[in-house]
Amino acid sequence: MSKGALILFTRITVPGRVKTRLMPFLSGAECAALQKAMTLDTAHTLSSLDRELFIFYSDEGPVGLLDGLPEKAHLYPQDGADLGERMHNALDTVLALGHKNCLLLGSDLPLLDAEDVEKAGRMLGENDIVFCPSTDGGYWLVGMHTPFRPVFQGQRYGTGSVLTDAMACCAAHGLRVGLGPVRRDLDTPEDLAWLQAVKAANPQAKGRVMDWLQAWKAGR
């Protein structure tokens with residue numbers, strides 16, 4: 001099998017368990033609805049690419065809360081004691097199926113562009129590993145040809161040094177690293193205000209997240 005793969009990391013949208021950094025600015029139900037809208041938008045964008053799509057989900061709750069995902073997606077529960085271990089295990093699982101490489105990304109990207117993901121895939125063809133930085137100091141995508149556990153070990157996820165630490169780890173192991181497009185995650189009330197500004201500047205912007213935003217503003 002030579003086709004590349006995609007892994008989307010997400011969570012089952014249980015109110016009060018997802019997007020908690022937006023609470024109490026948003027209610028638990030509003031956070032869950034936003035998380036589901038972002039997951040579905042991201043998943044359907046990824047399903048348009050010529051890569052096999054795997055969705056790894058975490059948290060307890062009815063898997064039915066993932067309804068609406070692309071039929072072509074393969075669903076797996078996440079496995080591991082922390083985020084780094086879960087990402088490594090997911091990449092290990094998918095790459096063991098024989099894919100030539102794999103790109104893993106999260107579901108907190110309300111404005112994901114398929115071309116950004118394709119660009120990361122092209123960069124991976126010339127590097128051992130590729131990261132797409134996020135504006136908070138982390139990364140929204142990581143891609144590799146073979147599982148590389150050290151880059152996920154000892155990381156302080158949720159801090160502004162995640163990408164810097166990962167780059168240092170790769171340099172210490174002599175890996176060639178490519179950096180893809182910088183994009184903004186949606187995690188905080190400030191990020192939500194940014195998304196509102198984007199919508200105001202682009203009133204024709206479409207998607208489930210934009211529909212959620214419009215309905216949320218109308219209900220305030």
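I began with Asp-116, which forms a salt bridge with Arg-183, the closest N and O atoms being 2.8 Å apart (a salt bridge is a side-chain nitrogen of Lys or Arg within 4 Å of a carboxyl oxygen of Asp or Glu). Asp-116 sits in helix α3 (residues 114–124) and Arg-183 in the loop between β7 and α5, so the pair ties together parts 67 residues apart in sequence. I noted that helices (H or I, at least four residues) and strands (E, at least two) are DSSP runs, numbered from the N terminus.

This is a predicted model, where local features need pLDDT of at least 70 and side-chain atom pairs count only at pLDDT 80 or more, while totals for chains, interfaces and linings use all residues. Residues are numbered from 1 along each chain as its sequence is written, and side-chain values use heavy atoms, with hydrogens and water left out.

Buried or exposed? I checked Asp-116, and at 8% relative accessibility it counts as buried; Arg-183, at 34%, counts as partly exposed. The cut-offs: buried is under 20% relative accessible area, exposed over 50%, partly exposed in between (1.4 Å probe, protein chains only).

Next I looked up Asp-187, which forms a salt bridge with Lys-19 at 2.9 Å between the closest N and O atoms. Asp-187 is in the loop between β7 and α5 (189–201) and Lys-19 in the loop between β1 and α1, 168 residues apart. Both Asp-187 and Lys-19 are buried. I count eight salt bridges in the structure.

On to the sheet: it is open, has seven strands in the order β3-β2-β1-β4-β6-β5-β7, and its pairing is mixed (two strands pair if DSSP finds at least two bridges between them). β3 (74–77) and β7 (177–179) stand at the edges with a single partner strand each, so one side of each has no neighbour in the sheet. I also checked β4 (residues 102–106) and β6 (residues 139–144): they run antiparallel, joined by four bridges.

Last, the helices. α1 (residues 28–47) and α6 (residues 208–219) pack at about 155 degrees, axes 8 Å apart; axes are lines fitted to C-alpha atoms, for helices over the stretch in contact, and angles run from 0 to 180 degrees between N-to-C directions. That makes α1 roughly antiparallel to α6 (under 35 degrees is roughly parallel, over 145 roughly antiparallel, 65 to 115 roughly perpendicular, the rest oblique). Among the residues in contact (heavy atoms within 4.5 Å) I noted Leu-34 and Met-38 of α1 and Trp-212 and Trp-216 of α6.
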